[in-house]
Structures are given as structure tokens and as C-alpha cells.
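Here is a short tour of one protein model. Look over the sequence and the structure first, then read on.

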Amino acid sequence: MSEQTSSKVDFSKYFQPPSLKDARRRRRQAVQIINDFSIPEDMAAIGRGKQYLIETYGCQMNEHDTEVMAGILEKMGYHETDDPKLADVILINTCAIRENAENKVFGHIGTLKTLKLEKPGLILGVCGCMAQEEVVVNKILAKHPQVDLIFGTHNIHRLPQLLKEALFSKEMVVEVWSKEGDIVENLPQSRRGHFQAWVNIMYGCDKFCTYCIVPYTRGKERSRHPQEIIQEVRELARQGYKEITLLGQNVNAYGKDLPDLQNYGLGNLMDEIRRIGIPRVRFTTSHPKDFDDHLIEVLAKGGNLCEHIHLPVQSGSSDVLKIMGRGYTRERYLELFHKIKDAVPNASFTTDIIVGFPNETDEQFEETLSLVRECEFDGGFTFIYSPRAGTPAARMKDNVPMEVKKVRLQRLNKLMDEFSAKSNAKYQDQTVEVLVEGESRKNPEVLSGHTRTNKVVNFRGPKSLIGELVNVKITNAKMWSLNGEWQEETQGVR
Ligand code: SAH
Ligand code: SF4
Ligand code: F3S
């Protein structure tokens, strides 16, 4: 904590700032499973007649954390609103993955200043991955006094106590634990979907890719016990959920840290979940290094395990992968890719790619293009490298001008689009199973959903189909989506 900010604030027990150094220093300490979450009596009804709004940035992990925070607030009597002017509590659940993600959040915090002036009783909180960064917390302390509360990704279960402190304290309340690696099992959650659900299987990341902030913001890798996960999935099946997505930053490392289970990995877990009566099971994100043969064998059994693999490659150059600290080579990635493709027929593959990593040469970038040509990905996310303070890559000197990076991104996107169109064209005239998720964003007359392979399908049909699995015949395969006709007579095959 810098001198400048320490003089302004009261270091009470509710002032715990983040430290990237502490986050890095994770020892082999045992993971604590906590089961004693409860709302203090004096907070149990504090939200009666009041409303909350949570704005979520970032990945599925954050989306799911928002569901947990919503669950906690609802237990305290708060109701959800989508109008910031009506809200008594606004939480901004932030993402730190790239600079532009952070800039968006700061812009937004700025705009909430007027709202806070109009309604001084409003509690404005900042949480999520940005709250784990020292630079961010210092900036908020210095420039955004309208913020009442900052709490980290390990402090979500303390929301009732922190909210209480924020309601009764004049100072900004900051509680960010940097080394914490516990699992809190009995948190309430208010799920946003009625037929699709996120299920955390593990937290944190120990991969420390040199460009990435996540291992610092999310703590060490820790797996939930299979029993807890299976119980949660069974309950979702009982409630009629149609699709679950198993979540973790590096799901292939699942189980490695479970002391009482030897050699129990993601394959074993998926094999158990396969037997539960839920029609669709997805998982994300896979790391190529830990993707093992047992998992491939289990995925090949199909059933409710969807044939879509998100397998981030990051770069097609072994030299760049080495400096990124990814732990695999181009050859090893391709070998794995083909092994999965052979074992799981019709599987779709998506990926993540970073261009313009420090000192990436033209040749190295060409290797990325050639890997994309070989894999013919169905789609993916592509990014220009963004330096994150505190990570090893941020200290590397970089000789690649931004203009060059932008051109590389454009070239890569063009190629990815070509393969997206090519893979979609294969669906022409085929009948596919679609989970109907709602009205299409562009046209409320049209319904929209995904195939098992995660392709977006748009078609016309009655709204009563929302939440159902239906058959759709593809009549027009486009670059990023498929248009089709609902096959009414074959509805309910599954
Ligand atoms: N755990 C996942 C990725 C999580 S972050 C994995 O390892 O695959 C999602 C994606 O953001 C990453 O796959 C990477 O492509 C991108 N990303 C992460 N840090 C980045 C950075 N500093 N600059 C640009 N892109 C980044
Ligand atoms: Fe970041 Fe690498 Fe962990 Fe993915 S595996 S979250 S890219 S450190
Ligand atoms: Fe962003 Fe944190 Fe997810 S940095 S991508 S919200 S784990």
C-alpha cells in the first residue's frame, strides 16, 4: 500500500488491500472446505423493500459469482432491479484480463458518480478480479471516492458483513484477501437461467502463463469434491435443467489437489456425470497440457456429453508458447487435437489466440495462421496481447509496434471467419438438435438456441418452445450462425 493512500484511510480490520506478491506466494497449504456460511441476525432483513443491481464483466466464472452474490443479497431481503436509479446497492463484478476490459469498468464507475450524488444512501461496490489488483484499488481510493466498498474474489461469502460495514462506516471499506484458497460450499445462489446452469468444479489457476493475471486474481487451483458436484448436478437434473456447464480456469487439472482421491480426474468426474439424467453437459476451459487420454475416452462415449471442445492454443509457434509458459509445443497441441477429433466424431473445436505477444516475429505469426489452417477451427476468440502489471510478460521489452499487431489480428480474424463459414456450411440441410434459449437478439419473432456443437441456430416457432430441445432443419448456413426450420413432427426426440 502506498504512502499516499495510507494517510487517507483508516486501517481498521475492514481495510485489507490486495497484494500481488502475496498472491504469488502460495504455499502447499491445505485447502479449507467451509460449510458454515450464514447471514448474521442483524443483516437478515436489512434488504427488505430494497433493490440491488449487479453488473457483470468477464468470464463465466464471474457470471456464476454474480449468481452467488445475488443469492446472498436475496437472502437478506433485497430484490433485483435492472434500473440503476432504483437500486439501493450496485455491485460491479469486474474482469482484469485485458486493459480494455479494465478501462470499460473505470468509465462505468465514473458515470455512477452522479447517481451517488443524487442518492447518497446508495451503496456502490466494486468486486471481482480487478479488486484483487493493487494498482486498481489504489486508483479507486485516489480517484473514485464515490465507491463505498471493494472486496475480492475470495471474500464473496463475507458480503453480509462487508455490506453492514459499508452501510455504517464513513470510510471506504476494502477487504481483499490475496492468498486465500478456500472453498465455501453452502453459499446460496440465485441462478439466472431456468434450463441452463453453471457448475463450478474447481477454482483458481496454478498455470501462471506469463501474460496472464488470473492466477493472481483467483488464487490457487482447488477442486470441489466430486460428491458435492454430483449432488449439485443431480439436484439440477431434478429441477428440470437441460444443460449444465462445468466451470474452471483449467478444468483438466481437476482433482489433482484432492488429497483423498488418487488419480481421480476430469475424465472420472465426467464419467459419473454422464449417468445423470441431464440432457447436455459442457465443460470449459480446457488446457491442452493436462488433457488426458481417459477424458478423451469418456468424451467418446457421447450421450449427454456435448461434442464441443474449447481448446485454447494461444499461438502456433513453439518458441512463443515456450515464452508464454504454456507447457506444450505446436506439435503436441496438434497431436492432441487430432486425437480428440478422431475419438469424438463430429466434434466442433474452438480456441483462443493471442497475437502480438512481446517480440512475436512475422514467421511466428505465420505459424499461428498455419496452425489455424490445419485445425480449421469452428470459431474462437482472438486478442491483441495486453500487458498486465505484475506478470512476467509485462516486464519483457516488446519490439512489435501496435500497428503490426492490429494487422495481424485482422489477418487472423479473416482466416478464422473463413473456417467458421466452412464448418457451418457442413450443416446445410441437416437436422440438428437445438436447445431453445429465447428470442433472437436481432428479431423477437425469431427463436434462437445452440446445437450440441455450440452453433447458434435461428428459426421461427412458438415461444412455448423456449427451454425445450427441438429438431431444426438447417436451410441457410451463414458465417457465424445457422438459419433453419423447426421440425415440429419430430419434436421431443430426446
Ligand atoms: N484459462 C483459460 C483462459 C482464460 S482467459 C486458458 O488458459 O485457456 C481467456 C483468454 O484471454 C485466454 O485464453 C487468452 O487468449 C486471453 N488472454 C489472457 N490474458 C491475456 C492478455 N494479457 N492479453 C491478451 N489476451 C489475454
Ligand atoms: Fe491464465 Fe494460463 Fe491460467 Fe488460462 S491457464 S487462466 S491463460 S494462467
Ligand atoms: Fe476476467 Fe477474472 Fe474471468 S480476469 S476472464 S473475470 S477469471
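This is a predicted model: local features need pLDDT of at least 70, side-chain atom pairs count only at pLDDT 80 or more; totals for chains, interfaces and linings use all residues.

Find Gly-125 to see one of the contacts: its bridge partner in strand 7 is Leu-149.

Strand 13 covers residues 243–247. Is it mostly covered or mostly open? It is mostly covered, with 5 of its 5 residues buried. In a regular strand, side chains alternate between the two faces of the sheet. In strand 13, Glu-243, Thr-245 and Leu-247 lie on one side. Ile-244 and Leu-246 lie on the other. Both faces are covered, and all of these residues are buried.

Strand 13 pairs with strand 10 (residues 196–200). These two run parallel and share 5 bridges. Here Trp-198 has Thr-245 of strand 13 as its bridge partner. Strand 13 also pairs with strand 14, again in the parallel sense and over 5 bridges. There, Leu-247 has Thr-284 of strand 14 as its bridge partner. How does the chain cross from strand 13 to strand 14? It passes through helix 9 (residues 266–273), and this β-α-β crossover is right-handed.

Strand 14 spans 280–284. The peptide bond from Thr-284 to Thr-285 is cis, with omega near 5°. Thr-284 is the bridge partner of Leu-247. Thr-285 is in the loop that leads from strand 14 to helix 10 (293–300).

## Two residues with positive phi

Which way does phi point at Phe-208, positive or negative? It is positive, at about 50°, although Phe-208 is not a glycine. Phe-208 sits in the loop between strand 11 and helix 7 (214–218). Its relative accessibility is 24%, so it counts as partly exposed.

Asn-454 also has a positive phi, near 75°, and is likewise a residue other than glycine. Look for Asn-454 in the loop between strand 19 (447–450) and strand 20 (456–460). Asn-454 counts as partly exposed because its relative accessibility is 32%.

## Around ligand 2

Phe-208 returns here as one of the residues around ligand 2. Among the others are Cys-205, Lys-207, Cys-209, Tyr-211 and Cys-212.

How much space lies in the second largest pocket? About 740 Å³. Its lining has 34 residues. The closest to its centre are Val-68, Val-184, Glu-185, Leu-187 and Tyr-203.

Several elements each supply at least two residues of the lining. They are helix 3 (60–75), strand 9 (183–184), strand 11 (202–203) and helix 8 (226–238). By class, the lining has 11 nonpolar, 11 polar and 12 charged residues.

Methods. Residues are numbered from 1 along each chain as its sequence is written. Chains are lettered from A and ligands numbered from 1 in the order in which they are written. Side-chain values use heavy atoms; hydrogens and water are left out. On a 1 Å grid over the protein atoms alone, a cavity is a set of points where a 1.4 Å probe fits but cannot get out, and a pocket is an open set with protein on both sides within 12 Å along at least five of seven lines; lining residues have an atom within 4 Å of a point. Grid points are joined across faces, edges and corners, and a volume is the space filled by probe spheres set on the points. Helices (H or I, at least four residues) and strands (E, at least two) are DSSP runs, numbered from the N terminus. Ala, Val, Leu, Ile, Met, Phe, Trp, Tyr, Cys and Pro count as nonpolar, Asp, Glu, Lys and Arg as charged, and the others, Gly among them, as polar. Buried means under 20% relative accessible area, exposed over 50%, partly exposed in between (1.4 Å probe, protein chains only). A residue is near a molecule or strand if one of its heavy atoms lies within 4 Å of it. Two strands pair if DSSP finds at least two bridges between them. A crossover is right-handed if, with the strands pointing away from the viewer, the path from the first strand over the helix to the second runs clockwise.
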